[in-house]
Amino acid sequence: MIKKGLLATAAFASMLAMGSVSAEAKTFVYCSEGSPEGFTPALYTSGTSFDASSRNIFNRLVEFERGSTIMTPGLAQSWEVSEDGLSYTFHLRDGVQFHKTKFFTPSRELNADDVLFSFNRQWKADHPYHKVSGGTYEYFSGYVSFPDILQTIEKLDDKTVKFTLQKPDAAFISKIAIDFASIHSAEYAQQMMDAGTPEKFDQEPIGTGPFQFVSYQKDAFIRYQANDDYWSGRAPLDKLVFAITPDAQVAYQKLAAGECHLIPYPNQADLAAIEANKDLTVDSQEGLNVGYLAFNTEKKPFDDKRVRQALNYAMNKEAIIKSVFQGAGKAAKNPLPPTLWGYNEEIQDYPYDPAKAKALLAEAGVTNLSTDIWAMPVKRPYNPNAKRMAELIQADWAAVGVNAEIVSMEWGEYLSRSQKGDHDTVLLGWTADYPDPDNFLSLLNCASAKSGGNRARWCHKEFDDLFNEAVKVSDPEKRTALYEQAQAVFKEEAPWVTVAHSVVHKAMSNKVVDFRIDPLGGHVFYGVDLK
Amino acid sequence: MFRFILTKLGVLIPTFLGVTLIAFSFIRMLPGDPIELLAGERGVTPERHAELMANLGFDRPIWEQYFSFLWGILHGDLGVSFMSRQPVLEEFLTRFPATVELAGCAIIFAALIGLPAGIIAAVKRGSAFDHTLMGISLTGYSMPIFWWGLLLIILFSATLGWTPVSGRLSALFWIEQDTGFMLIDAFFSDEEGAFKSAVSHLILPTIVLGTIPLAIIARQTRSAMLEVLGEDYVRTARAKGLSSFRVIGIHALRNALITVVTVIGLQVGVLLAGAILTETIFSWPGIGKWMIDSIFRRDYFAVQGGIVLIASIVMMVNLFVDFMYGLINPRILHRR
C-alpha cells in the first residue's frame, strides 16, 4: 500500500508541468543563503541583509566599482577634501529619483536633506527615527565609530553637503562607501512617521538603486523589479527574485534543476560536479580575507618573539592549504590580502624549517612546551575547516617538541572567551568591510588589544605609531609606505601565523552574463544579464 | 462533561508554567549571547556590550526578566525579536500558516495511507502483506529526516525532474499572500499554473514529514485492530451473520479508533519537531526554520516566545484529543 501510494504520488507529480526558470522574461533567480533581518542597512548589518538591501536597492555617496575595490562617484558626482583633511564637501548628482512603488510616490528628486537624514538618524539620539526599530547602529556607532570621527554634517545648499571631522581619517571616503551609509528618502520617512508606521520604513524600503523592492515573503522570496529611472541606466534584467535556500546542497540541486541562476556559497565538495555539468559554470576570485593563528602575547612563553617565530617556522603551510582549502587557497605572508593596495611584496615568509624552529625554542629556553590551539566551530571563507587545520598544526608542532591540545567550543563562547584572552593560541580570520589596509591592521593595534578584537593582545609601540600616522596622512603613496613598514614590523614580531587567503567560488547557470564577484563579499545584480 | 473539562484544564496550567520556565531558561543556558554573535570576529568592547545588553533589558535581575516575560504573555505580548526588531507574535503568525499547511498535508497523507494499511494488515494477519508492511513501517519509523529528504530530492527532483527541489512556489509566480496558505492563495490568484506549482512543491516535504507518522499510524492501527478483533462482541457480530465489512468497518474500527486518534493527536508534537528539519531541508518558510535561525542567533525573545506558542498548540491539540475520546467512547466522560 505504501509503495502504491508513493508511485501514485510520483505519477501525479510527473503530470504537473514543472515551472523552470525561463530566460525570455528576464527574471533572474538568485538562491540566496538566508533571510534578511530587514531592509535598512544601517540597522540590519549581516552580509545577507546587505545583499537584499544596500547592494541592489540603495546607493551611497561614493561607491565601489562593480567587481572591484576602486572607488567611484555614487550619488555624489564629485567631492573635495580640505588641506587639513578635516572637511569633505560632496556635490550631489542631479536628477536622481527615488523609487516609485505601490506604497510611495516621491514628489522630489534626491537632495541634501536625504543625506542628512540618513546619517543623523544613526548619529543623533534625539532624531525622530533614531529609536525606530530598536535602533542599534552597529557600523556607525561600533565598527567604524563615526561618533568619534564626525564633528558636523551640514547642508550648504540643496545639492551640497559638508562633513567636518574631529581628526583626519584617511579611510573616511572608503568608510562612507560601506553599506550602512546608504542614502534613504527623508520624504518617505516623514510620510511613514505621519502615518504612524515608522517601522515600515525599515521593512518596505525606498532607495535610488537599480532595483526596487516589490515584496518580501518571509523566509521564502524577496521580489524586485528594475528601476526604470535608474540614474546610471536601467538594469538589463526586468525582475530579480531572491529564493531563500539556506542549505548549500539543496541550493546546488536547485541550480542543477534550473530553478535558480546563481548560488552564492557552493560546497567545496560539489565544485567538481558543478564544473563537470555543461549547463553550469563556476567563477572564482581571491577573497579580501585572511585566516590566521594568533598567539596570546600576554601569556608566557608567547611574550617572547623567538617562540612565536619558532612556531611560525614549524608550520607546513603548503600542506595545510592543500588539505584544508583543497587547493582553493593561497599561503599568506602578510596580514593584508595581496589584492589590496598597500600589500608589501618584499616581505619574506617564514619558510617551513623544523630545525630552525627547534633551535629558536632552545635559544628561548623553552622545553617541553604544552599549549593549546583553539579551533573555530564554524566554517568561514578564510577557514573552511578549522578543526582539520588545528590537527595539522598540532602534528607540525609535535615534530618540534611542542605538545598542543585542540580546544573547541560553541561559536558565541569562542568569540567572547578569545576576546578575553583565555586562549594560548587561537584560529580566526577577517574579511574586509572596506578595501583599506586600515581595516585589517586595526586588528593588531593597541586600541583593539584593549577592546579584545586583537586576539594576539599585541600592543607594539613601533607598529602602533606607524598605524596611527597612516590614518592621519591623506597622500596615498605616503600611506602605502607606512603600511609597508608596519607589515615588516609585524612579520619580525610575529604575533600571528598568517595562514591563508581563500578563494571564493560562485556557481551559476551558463545563461548568466557578466556577473562579477564582489571582492567585498556582496552580490550585486546591476549589469547582470541573461542569455 | 463540565467537570471533565475543568480537570483537564487544571492540569494544563502548571504544565504551561513549566513550559514558560523551561523556554525562558533553556535559551539563556546556551553559551554566547546575541550581541557577541552579532559582533563576530571583530569583537565588541565590554562597555558597548553592556550598553547593548541593557538596551535589550538583559541587565535586569533574572527573576525580573522572567516575570516580565510572564506578564507579557498574559497581555499577548511576547516581546520583540532581536534580529528583525519585529514583534515575536507577528513573526510567528506570518510563518505559522506555512507550517500548518505542511503538517496538515503530512498528517492527512499519513492517515490516508496508514489507516487502511494497518486495517488490512490486521485483517490479513501473518500474510506476506502484513510482514512487508511492518518491515516498511519499521524502516519508515527509523528514517532520518534529513537523509530521507535529500535522497528524495536527488531522485525525484534532480534526476527525474518530477518535482521541484525546494520552496513553496516557483519563483516565476508573483502572487499575493493573503491567507498565508499557499494552496489557497495560489488557487485564487490570477496567475495560471500557480496552483499546480504550489501542489508540486508540497509533494516531497509532505512525504518526508509524513513518513514517521505514517509508520506509527499503520503499526498502531494494526495492533489496535488485532486486539479488538479478538473481542467477544466481534465474534458475536460475526455469529449474527453480519457482513465482514460491517463487522470490521463499524463494530471493530470504532473501538480501535480510540487508540488511533490518540496516536494521531500525539503526532502533532512529532510533526512540529519533524517540521524543523523538513523545513530546513526544503527551504520551507515556516516556524521550524525560524526557530532554528533564532536559536543560532540567540534571539532570546523569539526562542522563548516561539517555544511557548508551539507548546501551547501541542497542549491544545491534546486537550482536543481528550474530548474526541469522549465523543468516540462516552464511557470516558462518565468514568469519574
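Predicted model: local features only at pLDDT ≥ 70, side-chain atom pairs only at ≥ 80, totals over all residues.
Phe188(B) is part of helix H8 of chain B. Phe188(B) counts as exposed because its relative accessibility is 64%, and the cut-off for exposed is over 50%.

Thr20(B) sits in helix H1 of chain B, which covers residues 2-29. With a relative accessible area of 0%, Thr20(B) is buried.

A polar atom of the Thr20(B) side chain is 2.5 Å from the backbone oxygen of Leu17(B). The side chain of Thr20(B) also makes a polar contact of 2.9 Å with the side chain of Tyr66(B). When neighbours within four places in sequence are set aside, the contacts of Thr20(B) are Tyr66(B), Phe69(B), Leu70(B), Ile73(B) and Val308(B).

## Interface between chains A and B

The size of an interface is often given as the accessible area lost when the parts come together. For chain A and chain B, about 5,700 Å² is buried between them, with 63% of it on carbon and sulfur atoms. Chain A supplies 71 residues to the contact and chain B supplies 65 residues.

Between chain A and chain B there are 13 residue pairs in polar contact, counting pairs with both residues at pLDDT 80 or more. On the side of chain A that touches chain B, helix H1 (residues 2-15) of chain A gives the most, with eight residues. The two chains are also joined by six salt bridges. Lys102(A) and Glu176(B) form a salt bridge through their side chains, at 3.5 Å from N to O.

Key: Residues numbered from 1 in each chain as written. Chains lettered and ligands numbered in written order. Heavy atoms only, no water. Helix = DSSP H or I, 4+ residues; strand = E, 2+ residues; numbered from the N terminus. Buried < 20%, exposed > 50% of the residue type's maximum accessible area, 1.4 Å probe, protein only. Polar contact = N/O pair within 3.5 Å; in protein donor to acceptor, adjacent residues only side chain to side chain. Contact = heavy atoms within 4.5 Å. Buried area = accessible area lost by both parts, 1.4 Å probe. Salt bridge = Lys/Arg side-chain N within 4 Å of Asp/Glu carboxyl O.
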